[in-house]
Amino acid sequence: MDDPLFWHRLQFGFTATFHYIFPQLTMGLALLVVVMKLAALRGGGAAWDDAARFWTRILGLGFALGVVTGIPMEFQFGTNWAAFSRTTGGVIGQTLAMEGLFAFFLESTLLGLLLFGERRLGPRRHFVVACGLLLGSWLSAYFIVTTNAFMQHPVGHALAADGSYQVGDLAAFLLNPWALVQVLHNQCGAVVSGAFCVASVGAFWTLRGEHADVARVSLRTGVIAGLVASMLVAFPTGHWQGRMVAAHQPVALAAMEGRFESGPRAPLAVIGQPDVANRTLDNPVRLPALLSWIAYGDFSADVAGLDAFAEDVWPTNVELLYYAFHVMVGLGTLFIALMGLATLQLLRRRLATTRPLLWVLALAFPFPFIANTAGWMTAEFGRQPWLVYGLLRTADGASPTVHAGATVFTTLGFAGLYFVLGVLFLALVGREVALGPHGHAAHSAPDASAHAEDA
Amino acid sequence: METIWFGISAFVLTMYVVLDGFDFGAGALHLFVARDDRARRQVLSAIGPFWDGNEVWLLAGGGVLFLAFPAVLASVLSGFYLAIMLVLWVLVLRGIALEFRSHLADRMWRAFWDGTFWIASTLAPVLFGAALGNLVRGVPLDADGWFALPLFASWTTTGELGILDWYTVLTGVLALVAIVHHGALFLAWKTDGVVRARSLVAARVAFPVLVLLWIAVSAATEVVVPGWFDALLSRPVAWAGAVLLVAGLVVSARARATGRDRAAFLGSCAFLLGALGATAAALHPVLVRAAGDASRSFTVENAAADPASLAAGLRWWPAGCVLALGYFALLFRLHRGKIALDDVDD
């Protein structure tokens, strides 16, 4: 209870995890709404417009939660990680400031127009607004992932005389190869989350025999986008990400795989329980030599185990890192299988009548959120014990004057506040789903679009 | 170059106060100037297109400080840890209240979020005003540039320091009154009928209080920070700020009395711009005053990031700022004119 570092990590991890539920949903939905609006513009029929309107309403709710839970994140760098902020602000302050200037202003301007401006703007300009919002939200992801990439694989920096890190080469920092790979992997993951939600609601309405047209286009969009994105998450983006970890964080790779001993022809552990005390992987199921190929493109390559590294650079929680990684990969594989099956049925025009599959689709929507969370846990636990890889230890980054008691108190406060927000969000989204695409909720309050027509 | 970034920081945070200020003020007033659901929705429609973007100026300000003066950001946010967390929770609740209210037509649901929105909109300006008061008064920076302050201690500016003392409470109240005045003039500009009439009354009542409090805080600042007026007088930018401030007050009062709603609101904008500009100019080159040992103060020289980082930032910041100002010009143009009560949907 009295270790401030533990509570800082718990608090930041919790608020970041809860926050990211919403951006992954809205970044995914933003793309799918653009697709639906495009289909409508190209004469696909009214169902596409109705679906786009419904999902825009859900997008609006998700955005609201993403915005309000995102505000604390920006300030928690300073409140909880003051030493880190002071040491690296010259570098990561660049991308954090860029996010506000280039992404948030764009998003905040366009969101109101997307939600309330369709009648006034007309279909074409409204489509452009949707594309702009997609651009803004994905730009925001790029800036945040680039910030994180500096912590994972610092490049483009220079050490100043006072011990702080400053911009050495802005272009190198912005084009960090880790960031480019991770942002692609991450955005594909966000589309999976969005696609599963769209497919889930489509399946739900189909099972209930409601809103047949909108259910059909939602199901179709969700299933196809879900399959494409699930495959892209694994290959090539996940594969590139794995190569990146192998090249720059070999000790994290060893821990992710529960690999305690180095050697050539490294197998891939599909299942097993790492036993760190005895340095073994219990009850493993292994695919021979596959890890060597994944990491280095060569079945006989040497892959370092944890034994090749001093224990003070091992990730601090090997077990959690191992399980997080395997949960991510396992779920990702299941997503491809599920959406592959659903696409097959869709092509055979039997999806709407395959009720067991519809049940699975309707209930599957939480799992991409779990997989995305597990993926970020893999990245962040794999980065330990470093805050900035190889440069600054996590233990040296926390705020020196903040007492553990204060952090426990505010962590509990966040937990309570976010619990209420989560319940309200689910209730409001559930209500929209129950009302369906045509049951207009009372959306009158911030509607300033009507008056501007008179002005 | 450090001074350029000092100016940018002051500019962004002033933009935040001027822009988000009007929706905070509207939120602090709406329970009183809009008595039924339809009028409430008229108020919310007036600020609806803007508030989210207005709040981005706070994030942009955080970003600028992070980039240019990371030591200040780190020290201040961690030193005021609990107070900052309170502010963050208030901002979370406020955003949620605005977004969730419209989703159910239920009376109690809406009354609950109206109340939440009012409390959050009233509390935040007081906290922000007190925060500015703390920066002017000084905080107990140690040799490494860190500090931690309790919420309150001796309530004096010379004994054991707390975030709240008589001076910072005074600056907090001044901020609330200034923001209420600002929000009232915004609502008068953007609404019609009863809401406009009541907002004008609110502005008329707030105006003399604002002038008196402003004089009181100015005098108190000279007591708390001896030499404050000398610093103001020796800086031309502070002179410009003072002129803008007085002109803004005069214009806002005269335009309000003669029914020129937009001019009155712009006068209030000028007042806030002038007041914050003069404060920033008087503080320069100090960013955070150290209570006691003045050599520990954060200044533009000792708190700035390396020139390489500052130069890198200057390569893209101006373009981003022009874009942001363009979005706002677009928003105000798209949503020009008044929200008429008759236009609010049933």
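At what angle do α1(A) and helix α4 (residues 118-152) of chain A pack, and how far apart are their axes? In this structure, which is a predicted model, local features need pLDDT of at least 70 and side-chain atom pairs count only at pLDDT 80 or more, whereas totals for chains, interfaces and linings use all residues. Residues are numbered from 1 along each chain as its sequence is written, while chains are lettered from A and ligands numbered from 1 in the order in which they are written.

The two helices pack at an angle of about 155°, with their axes 9 Å apart. Because of this angle, α1(A) is roughly antiparallel to α4(A); angles over 145 degrees count as roughly antiparallel, under 35 as roughly parallel, 65 to 115 as roughly perpendicular and the rest as oblique. Axes are lines fitted to C-alpha atoms, for helices over the stretch in contact, and the angles, from 0 to 180 degrees, are taken between N-to-C directions. Helices themselves are DSSP runs (H or I, at least four residues), as are strands (E, at least two), and both are numbered from the N terminus. The crossing of α1(A) and α4(A) is left-handed, a term used if the near helix is turned anticlockwise from the far one by less than a right angle, with right-handed used if clockwise. Residues that make the contact include A:Met27, A:Leu31 and A:Lys37 of α1(A) and A:Phe127, A:Leu134 and A:Trp138 of α4(A), two residues being in contact if their C-beta atoms, placed from the backbone, lie within 7 Å. By class, this contact has 15 nonpolar, 2 polar and 1 charged residues, where Ala, Val, Leu, Ile, Met, Phe, Trp, Tyr, Cys and Pro count as nonpolar, Asp, Glu, Lys and Arg as charged, and the others, Gly among them, as polar.

Helix α1 (residues 4-41) of chain A also packs with α13(A), at an angle of about 20° and with the axes 9 Å apart, so that α1(A) is roughly parallel to α13(A). Here, too, α1(A) passes α13(A) in a left-handed crossing. Among the residues of this contact are A:Trp7, A:Phe14 and A:Phe18 of α1(A), together with A:Val408, A:Phe414 and A:Tyr418 of α13(A), and the contact divides into 10 nonpolar, 6 polar and no charged residues.

Between the chains, 61 residues of chain A are in contact with 66 residues of chain B. Several elements of chain A, including α2 (46-80), α3 (82-116) and α13 (404-435), each supply at least two residues of the side that touches chain B, and the largest share, 22 residues, comes from α3(A). That side of chain A has 37 nonpolar, 20 polar and 4 charged residues.

Within helix α2 of chain A lies A:Asp50, which counts as buried because it has 20 C-beta neighbours inside 10 Å; a residue is buried if 20 or more other C-beta atoms, placed from the backbone, lie within 10 Å of its own, exposed if 12 or fewer, and partly exposed in between. Not counting residues up to four places away in sequence, A:Asp50 touches A:Val214, A:Pro437 and A:His438.

In chain B, B:Ala290 is found in the loop between β1 (286-288) and β2 (298-299) and is partly exposed, with 18 other C-beta atoms within 10 Å. The C-alpha atoms of B:Ala290 and B:Gly138 are separated by 4.9 Å, although these residues are 152 residues apart along the chain.
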